[in-house]
Amino acid sequence: PPQDCWLLIRSLKTLPLRMERHSASALQVAKWLQHHSEVEIVYYPGLPEHCGHTLSKQQAEGFGGMLSFRVTSPRLAEQVLERLQLISFAESLGGVETLITLPAVQTHSDIPTADLKRLGICNSLLRLSVGLEEPEDIIADLHQALA
């Protein structure tokens, strides 16, 4: 429909600015998560120690707004999801709000257990789509949820 086309064209005008913000904020959040005692590992290609960092740097201008991190236990992952106030527990791509998911029970629930294990997808792995909110606000929400 014409309205959808108009909305798409309008959105494309600000896409580069939004992607810069997503990437910059995701990097700030990823660095913060790396130093949290309840976080075992952070998966984000913007971090120099990520296995795909060099390739991503060669192929793209930024590292995007998606990251994953594994907390110390499945119970802590549940706690995080229950306590978040700013960040929404939802699946979506392309939004401007920060969202979090638990891939093992949402987006990857139909994958056989052996494959999940091989891929490192477990009940303590959370996926974060960093939005356009102030990164300090996102970090503050994660901080209180992990406490």
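Entry 1, the model. I am reading a predicted model, in which local features need pLDDT of at least 70 and side-chain atom pairs count only at pLDDT 80 or more, while totals for chains, interfaces and linings use all residues. I number residues from 1 along each chain as its sequence is written, and side-chain values use heavy atoms, with hydrogens and water left out.

I looked up the lining of the largest cavity and found Ala90, Glu91, Ser92, Leu99, Ile100, Thr101, Arg127, Leu128 and Ser129. The elements that give two or more residues to this lining are β4 (99-101) and β5, strands being DSSP runs of E with at least two residues and helices runs of H or I with at least four, numbered from the N terminus. I noted about 30 Å³ of space in the largest cavity, where a volume is the space filled by probe spheres set on grid points, joined across faces, edges and corners.

I followed α1 over residues 2-34 and noted 33 residues reaching 45 Å from first C-alpha to last, close to the 48 Å expected, the expected span being 1.5 Å times one less than the number of residues. At Thr14 the helix bends by about 50°, and Pro16 follows within four residues; the bend is the angle between axes fitted to the seven residues ending at a residue and the seven starting there. What covers the buried residues of α1 includes β1 (39-43), β2 (66-71), β5 (125-129) and α5 (135-146).

Trp6 has its place in α1 and is partly exposed, with a relative accessible area of 46%; I take buried as under 20%, exposed as over 50% and partly exposed as in between (1.4 Å probe, protein chains only). Ser23, also in helix α1, is buried at 13%, and Ser23 touches Tyr44, Gly62, Phe63 and Gly64, not counting residues up to four places away in sequence, with contact meaning heavy atoms within 4.5 Å.

I found Thr98 in the loop between β3 (88-89) and β4, buried with a relative accessible area of 0%. Leaving aside residues up to four places away in sequence, Thr98 touches Ile87, Ser88, Leu128, Ser129, Val130, Gly131, Glu133 and Ile138.

How values were computed. On a 1 Å grid over the protein atoms alone, a cavity is a set of points where a 1.4 Å probe fits but cannot get out, and a pocket is an open set with protein on both sides within 12 Å along at least five of seven lines; lining residues have an atom within 4 Å of a point.
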